[in-house]
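Student: I'm new to this one and would like to go through it slowly. Could you put it up so that we can look at it together?

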Amino acid sequence: MSAAAKTTNDSAPTSTARRVAWHIPASQVAQRTLNPIRQIVDHMKIAPNKDKEMISLSIGDPTIYGNFDIDEFANEAMIKVIKSKRSNGYPPSFGYQHARASIAAKYTIPTAPLTANDVIIGSGASDALNICITGLCDSGTNILLPRPGFPLYETLATSKGIEVRYYNLLVSNRSLFIVCVPEKNWEVDLGHLESLVDDKTSCILVNNPSNPCGSVYTRPHLEQILALCARHHLPVISDEIYDGLPFAGNVFHPIASLTDEVPVLAVGGIAKQYCVPGWRVGWILIHDRNDVLKEVCDVTIAFRSISRFRLRDVQARQGLISLSQLILGANSLVQGALPEILHNTPQKFYDDTLAQLEARIQLTDGKLGDLMPLRSCFISTILSIST
Ligand SMILES: *Cc1c(COP(=O)(O)O)cnc(C)c1O
């Protein structure tokens with residue numbers, strides 16, 4: 001026995017379990033974690049054609065070519081926050097009170113009321129989704145995801161040992177594959193969705209407006225989805241990050257506004273609408289009118305408990321707040337500027353961004369037609385450089 005081994009206590013594993021050489025495998029979580037988009041774009045090495053300028057079709061970042069510009073007002077708001085030196089410390093892991101209050105004020109509506117205590121801020125919508133999925137699903141259970149859908153959902157779930165089951169979005173009979181069918185609008189195949197539910201199903205994730213489909217669901221369709229969730233007592237994670245970007249003629253309905261029964265964790269963020277994906281602020285809006293998710297996300301009780309140092313209560317009701325403590329949330333400076341950005345950005349910025357996106361989409365519809373049904377932010381961004 002080596003000297004080092006003798007110093008360990010008796011309950012430690014026997015020496016046969018100890019390493020005898022430098023073989024350090026990646027952990028199982030790391031091995032299970034694969035983000036298909038990052039896997040491709042982070043490792044892409046393509047010899048460019050010397051005679052042509054390369055057009056990258058790989059990632060939906062509106063800032064890359066500078067054509068979708070951030071509003072000057074948001075820049076000024078950030079500068080003010082930096083100069084004030086008041087947002088340099090650790091915010092609470094779930095976000096500054098004034099930032100959460102500003103999100104609640106922007107998104108509260110009579111049919112889906114919100115206060116600051118119903119909001120958790122995360123590092124981008126990605127972190128918010130991670131907290132929701134981890135908060136609702138255990139390893140060994142399953143989560144129902146849209147197909148086609150945003151690949152991050154699967155990455156987050158499988159890395160935690162959560163089984164992914166894809167429900168179909170409706171496309172045309174004209175082709176087995178991707179053909180645009182405006183009349184179906186990429187609605188959920190409800191029969192297929194219901195056939196996937198079993199006793200291990202934790203929740204259903206809905207993405208509306210959809211990336212990559214560009215669909216905005218009608219109120220009756222959202223009500224059908226909610227009826228299914230109610231029948232099976234399944235909470236909804238609703239990724240609504242494109243809520244501010246429906247094109248003319250489409251009306252966006254927050255799914256939480258259409259139910260008194262089904263608990264909804266709605267996810268949003270500033271990345272897409274304000275053209276600042278690198279600023280990394282997103283949020284969870286907790287809609288849980290019947291306290292069904294109390295143990296998962298009782299923000300009010302956790303706050304009260306923390307302020308009175310009743311740590312046992314916090315432990316019993318940790319849920320989403322505990323998960324937010326893993327990385328202590330979003331950047332403090334952007335949180336500091338959030339009330340200004342959400343409430344005082346000039347209307348012209350919203351109008352111009354939407355008009356610019358719509359012009360790109362008309363271009364894709366006209367030039368690429370049926371071949372390009374996936375009307376995502378990604379395509380809009382890409383094509384913007386050619387116009
Ligand atoms: C971009 C995107 C996200 C992630 O947003 P971040 O705030 O950048 O993390 C989540 N969901 C969908 C559908 C997206 O397109």
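Student: Which hand does the crossing of helix 6 and helix 7 have, left or right?

Tutor: The crossing of helix 6 and helix 7 is right-handed; a crossing counts as left-handed if the near helix is turned anticlockwise from the far one by less than a right angle, and as right-handed if clockwise. Helices here are DSSP runs of H or I with at least four residues, strands are runs of E with at least two, and both are numbered from the N terminus. Before we go on, keep in mind that this is a predicted model, in which local features need pLDDT of at least 70 and side-chain atom pairs count only at pLDDT 80 or more, while totals for chains, interfaces and linings use all residues. Residues are numbered from 1 along each chain as its sequence is written, and side-chain values use heavy atoms, with hydrogens and water left out.

Student: OK, and at what angle do helix 6 and helix 7 pack?

Tutor: They pack at about 45°, with their axes 10 Å apart, and helix 7 covers residues 152-159. The axes are lines fitted to C-alpha atoms, for helices over the stretch in contact, and angles run from 0 to 180 degrees between N-to-C directions. Helix 6 and helix 7 are therefore oblique to each other, given that angles under 35 degrees count as roughly parallel, over 145 as roughly antiparallel, 65 to 115 as roughly perpendicular and the rest as oblique.

Student: What about helix 5 and helix 14, how do their axes cross?

Tutor: The axes of helix 5 (residues 97-107) and helix 14 come within 8 Å and cross at roughly 20°, so these two helices are roughly parallel to each other. Helix 5 passes helix 14 in a left-handed crossing, whereas helix 4 passes helix 14 in a right-handed one.

Student: Switching to the ligand, which residues are closest to it?

Tutor: The ligand is surrounded by 14 residues, of which A125, S126, D239, Y242 and K272 are the closest; a residue is counted if one of its heavy atoms lies within 4 Å of the ligand. Helix 6 (residues 124-136) gives the most to this shell, with 4 residues.

Student: Which polar side-chain atoms lie by an oxygen atom of the ligand, and how far away?

Tutor: A polar side-chain atom of Y242 lies 2.7 Å from an oxygen atom of the ligand, and one of K272 lies 2.9 Å from a ligand oxygen atom.

Student: How much of the ligand does the protein cover?

Tutor: The protein covers 94% of the 380 Å² of accessible area that the ligand has on its own, with areas from the Shrake-Rupley method and a 1.4 Å probe.

Student: Last topic, the backbone: which peptide bonds are cis?

Tutor: The bond from N208 to P209 is cis, with omega near -10°, and another cis bond joins N211 and P212, with omega about 15°. P209 lies in the loop between strand 4 (201-207) and helix 9 (219-232), and P212 lies in the loop between strand 4 and helix 9.

Notes. Polar contact = N/O pair within 3.5 Å; in protein donor to acceptor, adjacent residues only side chain to side chain.
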